[in-house]
Amino acid sequence: MVGRYRDHVTAISDGPLSLTMTEAEERFALIDVERYDVAVDLRGLFEGEVLEATSTATFRCHRPGASTFVDCTGEVTHATLNGVELDPATASDGRLPLPDLRADNVLVVSSRQTDTASGHGIQRTVDASDKLVYIWTSFEPDHARRAFANFDQPDLKAVHAFTVSAPDTWTVTSNSAHTAVDHLPDGGRVWRFADTPRLSTYVTVFNAGPFYEIRERRGDHDLGLYCRQSLKHLLDRDAAELFELTEQGLAWFGDKFGAPFPQEKYDQVFVPDMGGAMENWGCVTYGDGLLYRSTPTHSQRLTLASILLHEMAHMWFGDLVTMKWWNDLWLNEAFATWASTWAAVGATKYRDGWATSLAGGKLEGYRVDMGPASHPIRGEVPDVSQAMANFDAISYQKGQAVLKQLSAYVGEEAFLAGLQVYFRDHAWGNTRLEDLIGVVGAAAGEDLSSWESAWLDRAGTDTLSLEGGTLTATGPDGDPPRPHRLDIGCYAEDGDGGLRHVADVAVRTDGAETAVTLPDSDLRIVNDHDLTFAAARTDRASLDLMLRRAGALPDAVSRALTVATAYDMLVKGELSSDDALTCVLGVLETEKVTGVVEPFLRLASLIAGYYTPVDRLAEQRSRVADRAAAIAQAEGELQQGALYALASNATTPEHFAQLDKVAADNIGLAWRVAASRAARGEYDPEVVEQLLERDPDPDAAMSGLIVRASRNLPEAKEEAWHALYVDQSVPAGLVLGTLIQAFWRPEQREVLIPFTARYLEEIPKLAGGGMLKVFGLIGGMFPGVGDQEFLDAATAMARSEGVDPTVRAALLGGVNTLVRGLRARGELA
Ligand SMILES: [Zn+2]
């Protein structure tokens, strides 16, 4: 899954008992599930909130006479085991006891689920513009049990055959292709789907509604794209690129992993009210915020491409071969994140993926890893409710970087050879981390056990510092540093402001100090090409040159590494925001690689808007706006992103004049300009009315809310607060992120301070309420302003007993970021 790159996860814990690892091990030792035949009736969702299902599980028991339980959190209405009636009243805490098993068993459980509005496993949404109803399911980690009775743990894989009854006007999609659609005597149609291969329950799916559908045949595959009717024009706009990326990705992974995707049908379904995307086998779902309502920027297209490839990589890593238990879920996500960048660079037009990822997501990995909420990549998961606790930039971004480091450490050839063995030997099965490390180590002829524990069992980031001929590595915790394979890039000044690449010196560190022999050069870049995950510090002379002249470096990854280093130094208090901004803007002056321009502009906006003393905000934003304005002058794929950056930093009449010229034909930009003006006290309700009339987006009302929320007025913030926390009507994804940015503005501190206390008051009401709430309303909405009193209160809440670990991590991470911001702003000692 993803969101920033997090696949969709529906909930943390929701009442029923959470399966423990021990229980899962016991059940795995006791039974083998052969197949599920699941008849689902969605007709009760056309106007109501009732999903009915009858699940027939065929399974073997290794100890006849023993007992176990099946998971079902809906209301059990009828059940038989081997023809014998079971009392539905024995079901409690989401479990139905199964006594006296035979060697061969057939279990039939009928159940009803009426909770279809909270995003827990099953979501029913009514489109605001045309009142059409859409249903999607998303079962990770243990929500299949909300839809139908099953043994909901990843290592009890089985064939699934879905039969779905739905209203006449609905289309149904599921993992496999449908084999028949028949009319039902009592109304509606029944969709029969072919048997799936052996899958974990959490990657099964069914989606339904009056979808708009486009199909195309590419290579050996029959590709389908779906969205709600009101977004049809957007899917038409993006379909060509989506089909092309899908074809390129399937070919790349099939070839490199030595195993083609085995099913002809590969569907991708865009659904409302979903925050990320989910790797259901053969039927990936995406939040339809990814069908961007305005012309997408280059960076937005790249985001969608990355998510598409991330979910596709899961078809192999996650779906074909699955972790035995949720403690290796991080590996699923780290792998899919790594594989998506690797495939984007190797197989698509997005060839600058590594530079883009360094300038964007990887910084988030460093940010989390430097705070108290960091944790080792690998952790204990005693029960399923803990599976998502560490689902953050450590799993995704640091995890990706560590796999990239592993590939560099053993060489890509050995890494890929190991992967091919892994997919061949474990197809349709389950594995642990050591199975992967074992085959990679074998292919490389190297024992990776100490590498594994050093990289996976310790939190925090090593620092690599170059001084003279010595590279010093320090661990984050006083313990010895990890082993690193890195390059030191050496460059010489060429006299006209340019930098000439002299050599790359390959280094493999072992211990704290490594002697390196470097050629004559003026600038040395530690971790050039970004092979490892570490804070990089070069010598003083190199640093000055690097900060001033990074734009002259010949490679985009080197430039991104420089910018990342400047940012790292800023947040650690080693560099002023002025100097950091000068470095980024200097690079942007000449940057031609499209994949990094927007991430650099975003970083520049962040430095100017978050890490700058309030009395200098306007001046620094104006510098960013000037640069964005210059980039926006040129037509092409960078224009839209540059205009957005200009809109959010606009300060002078010239900036607004340039924006107004194009905003008339650019609704996404027009909304941003209106928000920017509103933040400056130039709110015009008539403009909002006109934009609402112009905008075909079914969710356009949210854009109006964002404009109003930008104002420096208590009632403006109050309205947004109500939508966020009382109505909870703000869709996850881009809209929520934009609203959060509009809400917290450091220069509106006075109006905002009362909301910092109210933020903490909301948290107990939200905990346990699903990923959208934890990541969006707790993590995302963490205040952008604050004082010592708030920081103390937030820390105390995070540290108090019984706090959900995901909430704790969100709070501690937020405190850490805010403290760094307040220090850079001079608001905190
Ligand atoms: Zn994922």
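This is a predicted model: local features need pLDDT of at least 70, side-chain atom pairs count only at pLDDT 80 or more; totals for chains, interfaces and linings use all residues.

Mentor: Axes are lines fitted to C-alpha atoms over the stretch in contact, and angles run from 0 to 180 degrees between N-to-C directions. The crossing of helix 17 and helix 18 is left-handed (the near helix is turned anticlockwise from the far one by less than a right angle; clockwise is right-handed). Helix 17 brings Leu643, Leu646 and Ala647 to the contact, and helix 18 brings His655, Gln658, Leu659 and Val662. By class, that contact has five nonpolar, two polar and no charged residues. Here Ala, Val, Leu, Ile, Met, Phe, Trp, Tyr, Cys and Pro are nonpolar, Asp, Glu, Lys and Arg are charged, and the others, including Gly, are polar. Contact means heavy atoms within 4.5 Å. Helices are DSSP runs of H or I, at least four residues, and strands are E runs of at least two, numbered from the N terminus.

Now the bookkeeping. Residues are numbered from 1 along each chain as its sequence is written. Local features need pLDDT of at least 70 and side-chain atom pairs pLDDT 80 or more, while totals for chains, interfaces and linings use all residues; side-chain values use heavy atoms, without hydrogens or water.

Next, helix 3 (residues 232–256) against helix 4 (residues 298–316). Their axes come within 10 Å and cross at roughly 40°. Helix 3 is therefore oblique to helix 4. This crossing of helix 3 and helix 4 is right-handed. On the helix 3 side, the contact uses Glu241, Leu242, Leu245, Thr246, Gly249, Leu250, Phe253 and Gly254. Facing them in helix 4 are Arg301, Leu304, Ala305, Leu308, Leu309, Met312, Ala313 and Trp316. These contact residues of helix 3 and helix 4 divide into eleven nonpolar, three polar and two charged.

Helix 3 also packs on helix 5 (residues 329–347). The two axes come within 10 Å and cross at roughly 105°. That makes helix 3 roughly perpendicular to helix 5. From helix 3, Gln248, Trp252, Phe253 and Lys256 take part. They meet Ala339, Trp342, Ala343, Gly346 and Ala347 of helix 5. The classes for helix 3 with helix 5 are six nonpolar, two polar and one charged. Note Phe253: this residue of helix 3 is listed in the contact with helix 4 and in the contact with helix 5.

Last, the backbone. Most residues other than glycine have a negative phi, and most peptide bonds are trans. Asparagine 82 has a positive phi, near 55°, and is not a glycine. Asparagine 82 sits in the loop between strand 4 (75–81) and strand 5 (84–86). The peptide bond joining glutamate 140 and proline 141 is cis, with omega about 0°. Proline 141 lies in the loop between strand 9 (133–137) and helix 2 (144–147).

Note on methods. Angles under 35 degrees count as roughly parallel, over 145 as roughly antiparallel, 65 to 115 as roughly perpendicular and the rest as oblique.
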